Amino acid sequence: SNPFEVKVNRQKFDILGRKTKNDVGLPGVSRSKAIKKRNQTLLKEYKEREKTNVFKDKRFGEYNTKITPEEKMIRRFALERQQNYGKKNIYNLNEDEELTHYGQSLAEIEKLNDIVDSDSDTEEGGTLSAELTAAHFGGGGGLLRKKVSSEQQDEEEEKPKSRKELIEEMIAKSKQEKQERQTRRESALELTEKLDKDWKEIQTLIARKTPKSERKDKEVEKPKPDEYDMIVRELGFEMKAKPSERLKTEEELAKEEQARLQKLEADRLRRMHGIEEEANKKRPSHLSADDLADGFILDKDDRRLLSYKEGEEEEEEEREEEEEEEGEEEDNENEEESQEESASEDKEDDAADSHSDLESDLESEEEAAGNREEKKHKADENEPQNVEKLDPKREAAKSELPYTFSVPESYEAFKSLLAGRTIEQQLIILERIQKCNHPSLAVGNKAKLEKLFGFLLEYIGELATLDLPELRTIDKLVLPLYNLCQMFPEAASDSIKFILRDAAHDLEEVIEVKGRATFPGLDTLIYLKIVSLLFPTSDFWHPVVTPAFMYMSQLLTKCRITTLQDVIKGLFICCLFLEYVSLSRRFVPELINFLLGVLHISLPKNQAQGYTVVHPFTPVGKNLELLLVCDKEDLKSWEKQNVPLSIVTRLKETSKTEINHTRLSCLALCFDLIKKCAALYESLPSFHEIMHPVRVLLTQHVPVNEYPEKMQEWYHSALKELENKVKHYTPLICEKKKPVPLKQYTPKIVKVLEFGRKQAGSKKEQERKQLIQRHKRELKGAIREIRKDNQYLARMQLSEIMERDSARKRKVKELLGSLATQEGEWKAMKRKKWKN
């Protein structure tokens with residue numbers, strides 16, 4: 001070793017009790033020792049990982065020093081008896097047990113009978129001869145002399161042969177036997193070759209094909225296939241799964257729909273203008289007599305049966321009658337008919353061409369002129385008939401709706417487009433406008449359809465402001481409005497927010513000028529209903545629903561109730577409120593206050609005392625008995641029915657009885673809304689406090705006995721819904737005594753020493769810290785050794801892989817080399833053969 005590479009760890013001072021290690025050492029010595037140790041342990045285990053020829057001593061108590069030999073023998077004897085137990089005959093109840101030694105009976109061993117091995121006598125093949133055994137293993141005496149003397153007793157009784165002579169004789173005998181076997185094998189091969197050659201010569205003479213009749217008789221019945229084979233064949237012929245067609249994108253569907261509508265519109269225009277479909281078809285080109293028809297392809301049988309009764313005029317009349325009977329057929333059939341007609345008309349031209357080739361030019365010109373005059377005469381005769389036939393088709397085509405529409409640029413154009421149409425036709429027009437102007441078909445379609453949403457919204461508002469509002473038409477038009485809202489949510493929200501903003505500004509202006517406001521028109525109420533259909537109402541905050549929510553709350557608090565129409569509109573807004581908060585269960589105090597006010601205006605003046613009323617209702621005034629009905633006949637004749645919203649516009653024209661019935665229906669609706677509010681807000685902690693004024697008004701002030709029976713049923717159901725609710729909370733009450741505080745313990749103060757130094761403690765704490773440190777050190781060392789072991793195994797595996805790869809490459813090279821030499825030899829032999 002190089003002395004300059006020796007590493008010496010010197011210490012300045014010798015400290016007693018301190019253990020020093022690695023004072024002097026060479027670099028890499030410890031690493032080589034570790035590798036040597038791994039070679040002896042880890043590598044050995046790695047190489048023997050798949051071996052199973054390991055001897056394991058499973059004798060009981062062989063290596064247990066705590067058990068005495070007597071106990072060991074007794075336990076082994078007991079285990080042996082347990083193993084043999086149950087193998088004997090179950091009916092040998094009182095017989096003694098047979099003692100054995102190494103699986104043999106002791107009684108048979110005492111008889112001293114030699115056990116003969118069965119394999120030595122039964123099987124002759126594979127055993128050594130007695131001579132060979134005696135010669136190689138017996139020393140050449142004994143058995144060998146006995147056998148020789150028995151065979152050659154007469155010839156050589158005096159002197160036995162020596163060992164050398166016997167071995168030479170045995171070798172000669174074995175060679176002789178081998179030569180005999182070789183000769184027998186060669187003679188058998190020659191005989192078989194000769195027999196094959198003779199059989200081939202005879203086989204050509206014997207070969208004869210049997211007739212079918214004889215073959216059927218000789219055929220053996222084939223076995224029927226098994227059920228399993230049949231199932232396997234059926235599985236083989238089963239239909240395999242095939243990929244389905246790809247789902248088309250929205251753009252592809254829009255393009256297909258646009259193409260379909262354009263085609264239908266083109267067909268409608270053609271029928272409207274009276275243009276026959278046959279006129280648009282291309283007639284076949286003129287063929288001369290010299291045409292060889294090289295490019296003719298017979299795709300279908302175009303032959304046609306012709307009848308020559310009174311010339312070709314009757315043939316054309318028959319053709320026209322057939323067309324009238326068949327009517328409008330598919331495009332392919334129309335094409336076939338047009339081809340047949342053109343072929344029949346061209347026959348005259350072909351005939352004229354054939355005559356012009358044979359006769360003179362003058363005769364051909366005369367015949368052509370005659371044919372033209374006849375055709376003109378026929379056309380003049382058929383023109384009025386065709387016009388009469390096409391007139392109803394034209395009228396039907398004109399009455400049909402166009403299949404393609406452009407988006408109107410203004411509201412007047414939109415209104416004129418829908419004017420005079422039924423609701424079904426209006427829905428079809430709106431649907432076709434959306435399909436023909438889909439945003440994916442052109443760049444500017446998106447802006448046009450966004451305008452269409454505003455036009456449709458304005459049109460709905462105009463329908464609601466009529467003297468007789470068309471509510472059914474509005475109900476049908478909500479569907480295209482919803483589709484446009486789903487396509488353009490931002491534009492839809494902007495349009496509706498603009499309407500709500502205008503309505504809120506108008507309400508504020510009226511309140512500033514007059515100090516009080518009235519309920520808006522029917523169009524605004526319908527817009528509020530449409531908001532709940534187009535947008536989600538359960539969100540905590542929504543850019544459209546939240547302003548609508550605030551606007552409705554202002555209507556219920558700031559609009560005074562002066563007429564029955566105001567009551568109907570207010571109840572409609574209450575229904576909208578319940579629809580808005582049905583999922584979110586948001587509390588609306590304006591709703592409860594308005595229902596309380598509706599009950600207030602249904603009472604007589606003498607009973608409208610003892611409770612408070614909040615704005616917009618007043619405790620005293622001319623509108624106090626707005627829903628009070630005193631006519632007993634009207635009370636008896638009243639029946640429960642829904643209050644239609646359209647009654648707001650025609651309430652002045654109705655009779656007094658109908659007005660009273662409407663008042664009672666409004667009161668019944670109020671009871672129903674109270675019942676729904678109780679079911680909706682039952683989970684609120686302050687439910688009983690909220691609904692307390694309503695309960696007091698129902699139980700103490702409402703004259704129930706004066707109402708009809710059906711009204712009393714609605715009243716009792718609402719009151720029952722209010723009274724059956726259980727309190728879900730306990731109110732907060734101040735305790736009479738001050739609560740006793742919890743005991744507080746004095747905190748333990750521990751002195752903090754300087755950071756980094758070990759703090760002194762008890763002996764147990766120091767031992768525990770030492771154990772923790774030792775455990776950490778051992779854990780790190782174990783992790784380090786495991787990583788080194790894994791790296792060592794990885795290197796061994798890599799070396800094995802490299803060795804296998806190199807051996808494989810070497811073998812491949814040897815094989816390629818041998819193949820190359822064989823190829824060269826074969827080419828040389830072939831070259832030599834060609835030269836010879």
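Pro536, Thr537, Asp539, Phe540, His542, Val545, Thr546, Phe549, Tyr580, Val581, Ser584 and Arg586 line the largest cavity of this structure, where a cavity is a set of points, on a 1 Å grid over the protein atoms alone, at which a 1.4 Å probe fits but cannot get out, and lining residues have an atom within 4 Å of a point. This is a predicted model, in which local features need pLDDT of at least 70 and side-chain atom pairs count only at pLDDT 80 or more, while totals for chains, interfaces and linings use all residues. Residues are numbered from 1 along each chain as its sequence is written, and side-chain values use heavy atoms, with hydrogens and water left out.

**The chain as a whole**

- The secondary structure of the protein chain comes to 30 helices and 4 strands, both taken as DSSP runs numbered from the N terminus (helices are H or I with at least four residues, strands are E with at least two).
- Of the 836 residues of the protein chain, 24% count as buried, a word that stands for under 20% relative accessible area, with exposed meaning over 50% and partly exposed in between (1.4 Å probe, protein chains only).
- Among contacts between residues at least 6 apart in sequence, 71% join residues at least 24 apart, a contact being heavy atoms within 4.5 Å.

**Cavities**

- The structure holds 3 cavities of 30 Å³ or more, and a volume here is the space filled by probe spheres set on grid points that are joined across faces, edges and corners.
- The largest cavity contains about 70 Å³ of space, and helix 22 (residues 545-558) gives the largest share of its lining, with 3 residues.
- By class, the lining of the largest cavity has 6 nonpolar, 4 polar and 2 charged residues; Ala, Val, Leu, Ile, Met, Phe, Trp, Tyr, Cys and Pro count as nonpolar, Asp, Glu, Lys and Arg as charged, and the others, Gly among them, as polar.
- The second largest cavity has a volume of about 60 Å³, and its lining is made up of Ser602, Leu627, Leu628, Val629, Leu635, Leu664, Leu667, Glu706 and Tyr707, which divide into 7 nonpolar, 1 polar and 1 charged.

**Helix 23 against helix 24**

- Helix 23 (residues 564-580) and helix 24 (residues 589-600) pack at an angle of about 145°, with their axes 10 Å apart; axes are lines fitted to C-alpha atoms over the stretch in contact, and angles run from 0 to 180 degrees between N-to-C directions.
- Val567, Gly570, Leu571, Cys574, Phe577 and Leu578 of helix 23 make the contact with Leu591, Phe594, Leu595 and Val598 of helix 24, and these residues divide into 9 nonpolar, 1 polar and no charged.

- Asparagine 660 lies in helix 26 and counts as buried because its relative accessible area is 4%; leaving aside residues up to four places away in sequence, asparagine 660 touches Val629, Asp631 and Asp634.
- Lysine 448 is found in helix 18 (residues 445-464) and is partly exposed, with a relative accessible area of 33%.
- Not counting residues up to four places away in sequence, lysine 448 touches Val407 and Glu409, and its C-alpha atom is separated by 7.6 Å from that of glutamate 409, 39 residues apart along the chain.
- Lysine 652 has its place in the loop between helix 25 (632-637) and helix 26 (656-680), and counts as exposed because its relative accessibility is 78%.
- Lysine 652 and glutamine 565 are 87 residues apart in sequence and, C-alpha to C-alpha, 9.7 Å apart in space.

Notes
1 Å grid on protein atoms, 1.4 Å probe; cavity = no way out; pocket = protein on both sides within 12 Å on 5 of 7 lines; lining within 4 Å.
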